Each structure stands twice: as C-alpha cells, then as structure tokens.
Amino acid sequence: MTELRRVTSGAPWEERFGYSRAVELPNGLVLVSGTTSVSDGAIVAGGPYEQTVNAFKVALSALEELGLALDDVVRTRMYLTHARDVEDVGRAHKDLFDTIRPASSLIIVSGFVDPSLVVEVEVEAYRRSSA
C-alpha cells in the first residue's frame, strides 16, 4: 500500500469536524478515532461496562472494514469520566482483549460532549506484512 486509506462511519461529527473514523498508514499502522457507545446517531443505553463494550465494537467495526480483526489490535486507550467506573471499564477491556493483551492506557477526563456518555475508546492496530 502506498497511500492512506480512510474509513468513515457516517457519524455526523465526522463531516462537521473534519475527521475519519479510521486511517490506515502505508506502513500498516491503523489508527481508530475516539469512539463512544453511539449507534445510528443514538447513545446505546447501559452502564460503564456496556458502554465500553459497545464503543469497542464501533472501533472494531472500522478495523473490519479495512480487513483487520481483534488480533491485529496493538494498543487501546480508554477515557472515562469517573474513577468509580475503572473496574467496570477494565473488566470490559479484559473480556474483549485478554487473549491478545495490547498496550493500554486508562485516563480519567472531566467529561464528554454528551454527559450521558461515561467512556470513549481509541484503538490502534497493525497490519502484518504478508511477505
């Protein structure tokens, strides 16, 4: 691959703020933008655990559009609004990624655009050379 590949999800914020859901660089690194528990423009209800799982599903869907899978994930970041949710968010991460163990960060932030969101995630993946 010699050029960038981009994935859009159709979320209104992508057009409004000028970004892509995911970008694949020529070296095989794939960066997935921060994702939340939003599907078809609506917040998917649930607590911190459910929001984390749903947010990662959105991110993994972008990877699938580029032909990558869970096993290709090399780094995750989780941003959450309350320290009280660390265990639920961490458990969701473990349930999804325990077998591959990517590098990961968990960061407490002051809030998100919509106060009903409690977590946002980012994913980085790597396309291994087929040679």
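## Burial and the model

A residue counts as buried when its relative accessible area is under 20%, as exposed when over 50%, and as partly exposed in between, using a 1.4 Å probe and protein chains only. By that rule Phe97 is buried, with a relative accessible area of 2%. Phe56 is buried as well, at 0% relative accessibility.

This is a predicted model, in which local features need pLDDT of at least 70 and side-chain atom pairs count only at pLDDT 80 or more, while totals for chains, interfaces and linings use all residues. Residues are numbered from 1 along each chain as its sequence is written, and side-chain values use heavy atoms, leaving out hydrogens and water.

## An aromatic pair

The structure holds 1 aromatic pair. Phe56 sits in helix α2 (residues 48-65) and Phe97 in helix α3 (residues 86-97), so the pair ties together parts 41 residues apart in sequence. Rings of Phe, Tyr and Trp (its six-membered ring) pair if their centres lie within 6.5 Å; planes under 30 degrees apart are stacked, over 60 edge-to-face, and the rest tilted.

## The largest pocket

Now to the largest pocket, which holds about 620 Å³ of space. It is lined by 27 residues, and those closest to its centre are Ala11, Trp13, Arg21, Thr36 and Val38. Helix α2 gives the largest share of the lining, 4 residues. On the 1 Å grid over the protein atoms alone, a pocket is an open set of points where a 1.4 Å probe fits, with protein on both sides within 12 Å along at least five of seven lines; lining residues have an atom within 4 Å of a point.

Definitions and conventions: Helices (H or I, at least four residues) and strands (E, at least two) are DSSP runs, numbered from the N terminus. Grid points are joined across faces, edges and corners, and a volume is the space filled by probe spheres set on the points.
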